[in-house]
Amino acid sequence: MGQNIATEILKETIKDALREYDKERIHPNTVYYINQVAKQMNTTYRKIKSLVEKGLLKTTKDGRITQRAIDEYLENK
């Protein structure tokens, strides 16, 4: 039983490390247009636009969305 717990802890640790690695692969300052974010998040332009209008998804001055903003939204979702 103790070995199963250790195996599960190891699996979770590896999964966490891989998630962090994936986050770092995309530069946090990479910017996207709303339609690109919608496609990336498998949703509609209207849904992303709504999130922006509600202030839940931050944009740059020119209306684009950074990877950092996407990550922050997903973490707080």
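Here is a short chat about reading salt bridges and contacts in a predicted model.

Biologist: How many salt bridges does the structure hold?

Modeller: The general idea is a side-chain nitrogen of Lys or Arg within 4 Å of a carboxyl oxygen of Asp or Glu. By that rule, there are four here.

Biologist: Which residue does Lys-11 meet in a salt bridge?

Modeller: Glu-8, with 3.8 Å from N to O. Both sit in helix α1 (residues 2-25), three residues apart, so about one helical turn separates them. As for accessibility, Lys-11 is partly exposed at 43%, and Glu-8 is partly exposed at 44%.

Biologist: And what does Glu-72 form with Lys-58?

Modeller: Another salt bridge, with the closest N and O atoms 3.9 Å apart. Glu-72 belongs to helix α4 (residues 67-76), while Lys-58 is in the loop between α3 (45-53) and β2 (65-66), so this pair ties together parts 14 residues apart in sequence. Exposed means over 50% relative accessible area. Lys-58, at 56%, is therefore exposed, whereas Glu-72, at 33%, is partly exposed.

Biologist: How far apart are the closest N and O atoms of Asp-62 and Arg-64?

Modeller: They're 3.0 Å apart, and that pair is a salt bridge too. Arg-64 is partly exposed, with a relative accessible area of 25%.

Biologist: Now contacts. Which residues does Val-31 touch, leaving out those up to four places away in sequence?

Modeller: Contact means heavy atoms within 4.5 Å. Val-31 touches Thr-60, Arg-64, Ile-65 and Thr-66. You'll find Val-31 in strand β1 (residues 31-32), partly exposed at 29%.

Biologist: Where is Gln-3 relative to Val-31?

Modeller: 28 residues away in sequence, and 45 Å away in space, C-alpha to C-alpha.

Key: Residues numbered from 1 in each chain as written. Predicted model: local features only at pLDDT ≥ 70, side-chain atom pairs only at ≥ 80, totals over all residues. Heavy atoms only, no water. Helix = DSSP H or I, 4+ residues; strand = E, 2+ residues; numbered from the N terminus. Buried < 20%, exposed > 50% of the residue type's maximum accessible area, 1.4 Å probe, protein only.
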